[in-house]
Amino acid sequence: MIQSDSAAVNSDGMIMPEHLPKKRYWQVRELIVIGIFAALIKVSTLLIAIAGGSMNPVTLVLKNIVATSLLVVLLYKVRKFGVLTLFVMVSSVVSLLLMGGNMITVPGMLIAGLVCDCLIVVAGGYKRTWSLIAGIGLFDFLSRAITLGYSYLTFREEPKLFIMGVIVVTIGYLGCLLGLGSGVFFVKELKHAGIIRE
């Protein structure tokens with residue numbers, strides 16, 4: 001199904017990319033890309049944590065830089081409403097299969113993904129860099145807020161443990177903010193290499 005049946009051509013009779021009909025539904029290629037990036041983010045962050053010896057400030061910042069950078073690249077590769085929500089679904093499955101992840105936070109994460117997808121649309125759409133960065137930044141923030149909320153319910157009888165969780169999440173979010181900038185840099189390099197065409 002397409003949104004438009006017409007496509008503009010240039011003087012040589014070639015169809016211009018910006019005038020190609022937009023695909024309304026998810027394509028198999030896009031779903032595969034989301035799955036690959038979800039698995040890549042999980043595996044890369046796990047390897048960084050293992051290589052760093054355990055969770056420490058350096059590995060926390062580094063793994064969040066890598067994760068957010070890859071998420072920025074994913075949204076440049078798949079510019080379609082719902083990509084963050086679908087990423088949460090796939091990432092939850094990958095996390096469950098690889099590490100036996102906790103599924104209690106999944107409903108909240110899905111809502112966070114949907115809210116951020118809506119923010120991107122309201123802020124200008126998936127073609128604008130600013131709206132993508134704002135959506136990913138808010139998604140990272142909401143994800144960690146949900147994690148902290150779950151930690152509070154779990155450790156509310158042990159305030160010191162909760163405070164430690166707040167410190168860990170705060171350090172991790174600093175890595176996310178750095179990852180937004182590095183992600184945009186990687187996208188520029190990938191565009192220069194022809195891997196990302198839009």
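Biologist: Leaving aside neighbours within four places in sequence, which residues is Phe87 in contact with?

Modeller: In this predicted model, neighbours within four places in sequence are set aside for Phe87. What remains is a set of contacts made up of Ile34, Ala38, Ile41, Leu71, Leu74 and Phe139.

Biologist: Which residues have the most contacts inside the largest nonpolar core, and which element gives the largest share of that core?

Modeller: The largest nonpolar core has 33 residues, and those with the most contacts inside it are Leu71, Leu74, Leu75, Phe87 and Phe139. Two or more residues come from each of helix H1 (28-51), helix H2 (57-77), H3, helix H4 (106-122), helix H5 (129-155) and H6. The largest share, 8 residues, is given by H2.

Biologist: How many helices and how many strands does the protein chain have, and what percentage of its residues count as buried?

Modeller: Read from the N terminus on, the elements of the protein chain run α-α-α-α-α-α, and the secondary structure comes to 6 helices and 0 strands. Of the 198 residues in the chain, the part that counts as buried is 37%.

Biologist: Is Thr85 buried or exposed?

Modeller: Thr85 lies in helix H3 (residues 83-99), and, not counting residues up to four places away in sequence, Thr85 touches Leu110, Gly113, Leu114 and Asp117. Its relative accessibility is 16%. Because buried means under 20% relative accessible area, Thr85 at 16% counts as buried.

Biologist: Where is Gly125 found, and what is its relative accessible area?

Modeller: Gly125 is found in the loop between H4 and H5, and, with residues up to four places away in sequence not counted, Gly125 touches Ile120 and Ser131. Gly125 and Lys80 are 45 residues apart in sequence and 8.9 Å apart in space, C-alpha to C-alpha. Gly125 is buried, and its relative accessible area is 15%.

Biologist: Which element gives the most to the lining of the largest pocket?

Modeller: The largest pocket has a volume of about 1,300 Å³, and of the 37 residues that line this pocket, the closest to its centre are Lys42, Lys63, Met109, Arg144 and Thr147. Two or more lining residues are given by each of H1, H2, H3, H4, H5 and H6. With 8 residues, the element that gives the most to the lining is H5.

Biologist: What percentage of the accessible surface of the protein chain belongs to carbon and sulfur atoms?

Modeller: The accessible surface of the protein chain comes to about 11,700 Å². Of that surface, the part that belongs to carbon and sulfur atoms is 70%.

Terms used. Residues numbered from 1 in each chain as written. Predicted model: local features only at pLDDT ≥ 70, side-chain atom pairs only at ≥ 80, totals over all residues. Heavy atoms only, no water. Helix = DSSP H or I, 4+ residues; strand = E, 2+ residues; numbered from the N terminus. Buried < 20%, exposed > 50% of the residue type's maximum accessible area, 1.4 Å probe, protein only. Contact = heavy atoms within 4.5 Å. Areas by Shrake-Rupley, 256 points an atom, 1.4 Å probe, with all protein chains shown as cover. Core = buried A, V, L, I, M, F, W, Y, C linked by side-chain atoms within 4.5 Å. 1 Å grid on protein atoms, 1.4 Å probe; cavity = no way out; pocket = protein on both sides within 12 Å on 5 of 7 lines; lining within 4 Å. Points joined across faces, edges and corners; volume = space filled by probe spheres on them.
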